[in-house]
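The sequence and structure are shown first.

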Amino acid sequence: MDQEFWDEMYRERRWSGRPNGALCVEVEDMKPGKALDLGCGEGGDAIWLAGKGWKVTAIDISPVALARAAEAAGPASGIDWQQTDPRVSPPPSRSFDLVSAQYFPVLHEEDHATLRGVLDAVAPGGTLLVVSHLIEGSPPEGWSGPDPSEFYQPSEIAELLDDDWVIERHENRARVDVPHDNPHHADIVLRARRLR
Ligand SMILES: C[S@@+](CC[C@H](N)C(=O)[O-])C[C@H]1O[C@@H](n2cnc3c(N)ncnc32)[C@H](O)[C@@H]1O
């Protein structure tokens, strides 16, 4: 699942361009600040956030996806599109009022270094929002992608949050606005706030 893999996946337009439903539900009423969209893909979430007044940094490993996202957003969005892999360059520490990871795969590491870098990017008082597909079985029947058990699931992320955090949501729920033809109809939503 390197850059080549994702560039190939984005050879043709891949997603709907609409923001993810769980993001809209969770963020709609938040006061806008600085947001980091991890694995922004074709930019639907970042563009929605910018439209809500957030100052958005949107990162992805795929320049193909980023080019499409930047074109969809136009220069007026003010979104900072960056080709970045947080395994190599962790985001700046304690910098974002919202860190959103929507279906963003982080491979397990013994020292949790990448994940810790991502958590560290949340500013005091800020929110971490992780949304993953609810997947039964490992790998699930009929699943053709990489084995999801290789990636951190929201429950594992929740376990790594210490007393500096309060978990505001951790639940399975039906996916809002499922894109056409998408086989994933349920989400796991983890929303946590950094206290200090
Ligand atoms: C399943 S897609 C989700 C895209 C978008 N968040 C959405 O919900 O439509 C995962 C995204 O993460 C990006 N990605 C995967 N591994 C990455 C990495 N190590 N660093 C940065 N981006 C990565 C992919 O290019 C892809 O756009």
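## Ligand surroundings and local geometry

The ligand is surrounded by 17 residues, of which Tyr10, Asn20, Gly39, Asp60 and Gln102 are the closest; a residue is near a molecule if one of its heavy atoms lies within 4 Å of it. The model is predicted, so local features need pLDDT of at least 70 and side-chain atom pairs count only at pLDDT 80 or more, whereas totals for chains, interfaces and linings use all residues. Residues are numbered from 1 along each chain as its sequence is written, and side-chain values use heavy atoms, with hydrogens and water left out.

| Residue | Protein atom | Ligand atom | Distance |
|---|---|---|---|
| Tyr10 | N or O atom in the side chain | oxygen | 2.5 Å |
| Gly39 | polar backbone atom | nitrogen | 2.7 Å |
| Arg87 | polar side-chain atom | nitrogen | 3.4 Å |

**Aromatic rings and charges**

Two aromatic pairs are found in a search of the whole structure. Rings of Phe, Tyr and Trp (its six-membered ring) pair if their centres lie within 6.5 Å; planes under 30 degrees apart count as stacked, over 60 as edge-to-face and the rest as tilted. Phe5 and Trp6 form an edge-to-face pair, because their ring centres are 5.0 Å apart and their planes stand at 80 degrees. The rings of Trp6 and Tyr10, with centres 6.5 Å apart and planes at 35 degrees, are therefore tilted. Through these ring pairs, Phe5, Trp6 and Tyr10 are linked into a cluster.

Accessibility is described as buried (under 20% relative accessible area), exposed (over 50%) or partly exposed (in between), with a 1.4 Å probe and protein chains only.

The charged end of Arg14 is 5.2 Å from the centre of the Trp15 ring, and Lys34 lies over the face of Phe96 at 5.5 Å from the ring centre.

Helices (H or I, at least four residues) and strands (E, at least two) are DSSP runs numbered from the N terminus, and two strands pair if DSSP finds at least two bridges between them. Strand 2 (residues 55–60) runs parallel to strand 3 (residues 80–83), and the two pair over four bridges. Ile59 has Gln82 in strand 3 as its bridge partner.

The loop between strand 4 (96–102) and helix 5 (113–120) contains Tyr103 and His112. Tyr103 is not a glycine, yet has a positive phi of about 55 degrees; Tyr103 is partly exposed at 21% relative accessibility. His112, likewise not a glycine, has a positive phi of about 55 degrees and is partly exposed, with a relative accessible area of 23%.

Pro154 belongs to helix 6 (residues 154–160) and is buried at 1% relative accessibility. Its C-alpha lies 6.0 Å from that of Leu190, although Pro154 and Leu190 are 36 residues apart in sequence.

Note on methods
A charge sits over a ring if NZ of Lys or CZ of Arg is within 6 Å of the ring centre and within 35 degrees of the ring normal. A polar contact is a pair of N or O atoms within 3.5 Å; within protein, one must be able to donate a hydrogen and the other to accept it, and residues adjacent in sequence count only if both atoms are side-chain atoms.
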